[in-house]
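Student: I have a new model open and would like to go through it with you. Could we take it one feature at a time?

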Amino acid sequence: MPLIACLGWGSLIWDPRELPIQRQWFSDGPFIKVEFVRQSKDGRITLVLDPNALPVRSLWAVMDAADLSTAKEALRLREKANATNIESWSRGQVSPTLILDLPQWAESHGLESAIWTALPSRFNQTDGQTPKVEQVIEYLKGLTGAARDAAERYIRLAPRQIDTNYRRQIEAVLHWTALS
């Protein structure tokens, strides 16, 4: 069975649900460009790949899947995403732009392939719109009740190593520090 890594940086880490991973998440994943720039349907601001972000180290887990298509489908189901929002890389392919040195990293871990979620940034119901950090903070300040609680929980539970510019500014203003 080929070794397939699932890369993660957000809720997959603390809430994998039925995602078939082998035991645990490792903290020595490849460097990725990710930021808090997606307004989800439930109002949270979530982490997605972003070309303007500074690189941070991702997390990864070994998928318990016999092949790449099965692994991608499992991730798609967990993320409730379209198939176009689940991306992959396999040995022999070039490194994706937002996941730095993926071939070298995979080789050093004996991996054949890697999969990840590739949702676009979104703000004010517009896919592809990347909010400025000030917009994100003002939006989060305006949340109340369950929506505020869910947004704060997501940011606090995001792995501490996902130390992005937006996160640092959110922590400075709202004091939503990492719990992990």
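Tutor: Gladly, and let us start with a single side chain: Arg 38 is buried, at a relative accessible area of 9%. Keep in mind that this is a predicted model.

Student: Which element holds Arg 38?

Tutor: Arg 38 has a relative accessible area of 9%, and buried means under 20%, so this residue counts as buried. Its contacts beyond four places in sequence include Ile 45, Thr 46, Val 48, Leu 119 and Pro 120. The element that holds Arg 38 is strand 2.

Student: How many residues apart in sequence are the parts that Arg 38 and Asp 127 tie together?

Tutor: The two side chains meet in a salt bridge, with 3.8 Å from N to O. Arg 38 belongs to strand 2 and Asp 127 to strand 9, residues 126–127, so the parts tied together by this pair are apart in sequence by 89 residues.

Student: Which residue is linked with Arg 38 and Asp 127 in a network of salt bridges?

Tutor: Side chains of opposite charge can pair when their charged atoms come close. Among the contacts of Arg 38 are Ser 121, Arg 122 and Asp 127. The residue that is linked with Arg 38 and Asp 127 in the network is Arg 122.

Student: Let us turn to the largest pocket. How many charged residues are in its lining?

Tutor: The space in this pocket comes to about 810 Å³. Its lining has 31 residues, and those nearest the centre are Ser 40, Arg 44, Arg 78, Glu 79 and Leu 119. Strand 1, helix 1, strand 3, helix 2 and helix 5 each give two or more residues to this lining. By class there are 11 nonpolar and eight polar residues, and the number of charged residues is 12.

Student: Arg 78 and Glu 79 are both listed there. How far apart are their closest N and O atoms?

Tutor: Arg 78 has 8% relative accessibility and counts as buried, while Glu 79, with 21%, counts as partly exposed. The two form a salt bridge, and the distance between their closest N and O atoms is 2.9 Å.

Student: How many salt bridges does a search of the whole structure find?

Tutor: One of them joins Glu 107 and Arg 91, at 3.3 Å from N to O. Glu 107 sits in helix 3 and Arg 91 in the loop between strand 6 and helix 3, so this pair ties together parts 16 residues apart in sequence. Arg 91 is partly exposed at 36% relative accessibility. For the whole structure, the number of salt bridges found is 13.

Student: What is the C-alpha to C-alpha distance between Gly 29 and His 109?

Tutor: Gly 29 lies in the loop between helix 1 and strand 2 and is buried, at 0% relative accessibility. Leaving out residues up to four places away in sequence, Gly 29 touches Arg 57, Ser 58, Trp 60 and Trp 105. Gly 29 and His 109 are 80 residues apart in sequence, and their C-alpha to C-alpha distance is 9.6 Å.

Student: Where is Gln 93?

Tutor: Gln 93 is partly exposed, with a relative accessible area of 43%. Beyond four places in sequence, Gln 93 touches Ser 88 and Pro 103. Its place is in the loop between strand 6 and helix 3.

Student: One last item: what is the phi of His 175?

Tutor: His 175 is in the segment after helix 6 and is exposed, with a relative accessible area of 54%. Asp 101 has a positive phi of about 55° although it is not a glycine. His 175 is likewise not a glycine, and its phi is positive, near 65°.

Conventions:
Residues numbered from 1 in each chain as written. Predicted model: local features only at pLDDT ≥ 70, side-chain atom pairs only at ≥ 80, totals over all residues. Heavy atoms only, no water. 1 Å grid on protein atoms, 1.4 Å probe; cavity = no way out; pocket = protein on both sides within 12 Å on 5 of 7 lines; lining within 4 Å. Points joined across faces, edges and corners; volume = space filled by probe spheres on them. Helix = DSSP H or I, 4+ residues; strand = E, 2+ residues; numbered from the N terminus. Nonpolar A, V, L, I, M, F, W, Y, C, P; charged D, E, K, R; others polar. Salt bridge = Lys/Arg side-chain N within 4 Å of Asp/Glu carboxyl O. Buried < 20%, exposed > 50% of the residue type's maximum accessible area, 1.4 Å probe, protein only. Contact = heavy atoms within 4.5 Å.
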